[in-house]
Structure formats: structure tokens, C-alpha cells
Amino acid sequence: MTGQHPQRSVLVTGAAGGIGTALVAHLAAEGWQVLATDRPEVCPNSAADLPPSVHWLSADLQALALGGDAIDAFATQVDSITRSKPLTAIVHNAALQRLGSFAELTPADWQATLAVNLLAPVAINRRFLPDLIASRGSIVHISSIHSQLTKADFTAYATSKAALSGFTRALSVEIGGQVRVNAIEPAAILTPMLEAGFAEQPEGLAQLESFHPSGSIGSPMDVARAVSYLIDPANTFLNGCVLELGGGIHSRLHDPV
């Protein structure tokens, strides 16, 4: 409901993507002040068309993962926006997917994947932990079904997401009495990127839908609604949850007939 969180701010990474766009729109509609972050080249050039509750910040997550001056400068921008509406939630949605066989993936591929998908959340959480403790806030990591169930050529991505889910559980044990930490592991989500991948083979998209017991694949709004529930300050006992958002596919065994 609009106006539900009028005095609270949420930071969302990867805000320009398919899921990120839905997150920003849904959380803003619910009354959150949204700090939307993404790479400089995909951030809006003008804030004229944005709701007044949405603030765009450019962020190079590979640089933030290293800490130091980059994350200090980023934190200064965040602090300037959240003075009157405290930072109460962080949603780590940004992800990098470098595909290729294990033999083909380079050290640079591994380093970039781990920097964006794991080490940037670690660095950001660490930097803003005092703010989240003060607001009794929460953290949500957008992990992936690949943390549990993967396929060839996804080795780096799957490893990073498995680490992110593990980080969620471990951090929830350590700081769960002060800040709640949860994650979501989506299966296939109908983003523009996914649709583009099936542009030349629409039958493949239909087959992907059929693989899910729900008979469908997820929408970005499915993720946004789940995030909204996880960061709701009223859900004080919801901690250490790694939510399988997959239309039942996490439970399905594909054996030869």
C-alpha cells in the first residue's frame, strides 16, 4: 500500500535491469524512498521523469568490492539522501553472468563474477551495517536457482550464487539479532534479457515454461513482491531465509522416462 513506509529508505543495486526496474517501481509505490543504483552507462540521464521518491546513483560494483575511496564516496552520496529517511533495507540485485566452459573461463572472468556477485554485497553490507543496526533494518540478496541446480557453462556464476546463499545464512546467524538477512533464489524470470535469448526460438521459451511445475516462468514483479515481504519491518522473525522462487522446479526430478 502506498505510504506504508514513508520514513524509510531502501538501496537497490542492479536497478536498471528487468528485475531491478520492477523492484524500484514496486517499492516506490509502497512508499519507500528508493536509492536505485547501477552502472553509469545505464543510469537515467535525467531524473525529470522519476517519482520524487526515487534517487539514481551510479555505482561500479567491481570498484566498490575493493572498499577504500570508491565505497567511501558512494556512502557519502547515500548518506546525503538518507538523512531524513534512514537506510532501512539493502537489496543486492545486481549480477554478472560470464558463461563458458571451465577450461575457457579466465581468471579475469572469475574475479569479475565474484566481485559483482559476492564481494560487492559483502563490502556494501559492511559499510552500511551501522545504519542498518540503527534502523533495525534488513538485507536481501538476490541469489539464483544456480546456487543449487545448475548446468554446463555456468560454473563461475553458479559458484558465486552458492557463495551468496551461504553468506546469507552465515550473516543471519552473526547479526540476525540486529539486522535481518534473507535471500531469494529465483528460477527463470521473464526479463527482456531472457526474451531476447529466445527471440529466434520461441518454442524453447514454451519448453522452458513447461519445465516448471507451475506451467509458467516467473515475472520480475514476482521477485519484487517477495522482496517487499522480506524487507517489511513488521516481519521481525523472518531471518536466515533463502526463499526458493521457482514455480516448483526446485522439487522436480528430471529422469529419463
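V24 lies in helix 1, residues 18-29. Helices here are DSSP runs of H or I, at least four residues, and strands are E runs of at least two, numbered from the N terminus. This is a predicted model: local features need pLDDT of at least 70, side-chain atom pairs count only at pLDDT 80 or more, and totals for chains, interfaces and linings use all residues. Residues are numbered from 1 along each chain as its sequence is written, and side-chain values use heavy atoms, with hydrogens and water left out.

Back to V24. V24 is buried, at 9% relative accessible area. Buried means under 20%, with a 1.4 Å probe and protein chains only; exposed is over 50%, partly exposed in between. Setting aside residues up to four places away in sequence, V24 touches A15, V34, A36 and V54. Contact means heavy atoms within 4.5 Å. From V24 to A152 is 128 residues along the chain, and their C-alpha atoms are separated by 32 Å.

Now the cores. A nonpolar core is a set of buried Ala, Val, Leu, Ile, Met, Phe, Trp, Tyr and Cys residues joined through side-chain atoms within 4.5 Å. The largest has 32 residues; L11, L61, L64, F74, I90, I124 and F128 touch the most other members. Helix 2 (61-64), helix 3 (68-81), strand 4 (87-92), helix 4 (107-135) and helix 5 (155-175) each supply at least two residues. Helix 4 gives the most, with nine. A second, separate core of 26 residues includes V10, V140, I142 and V223.

Last, S165, in helix 5. S165 is buried, at 2% relative accessible area. Beyond four places in sequence, S165 touches S143, S147, E185 and V242.
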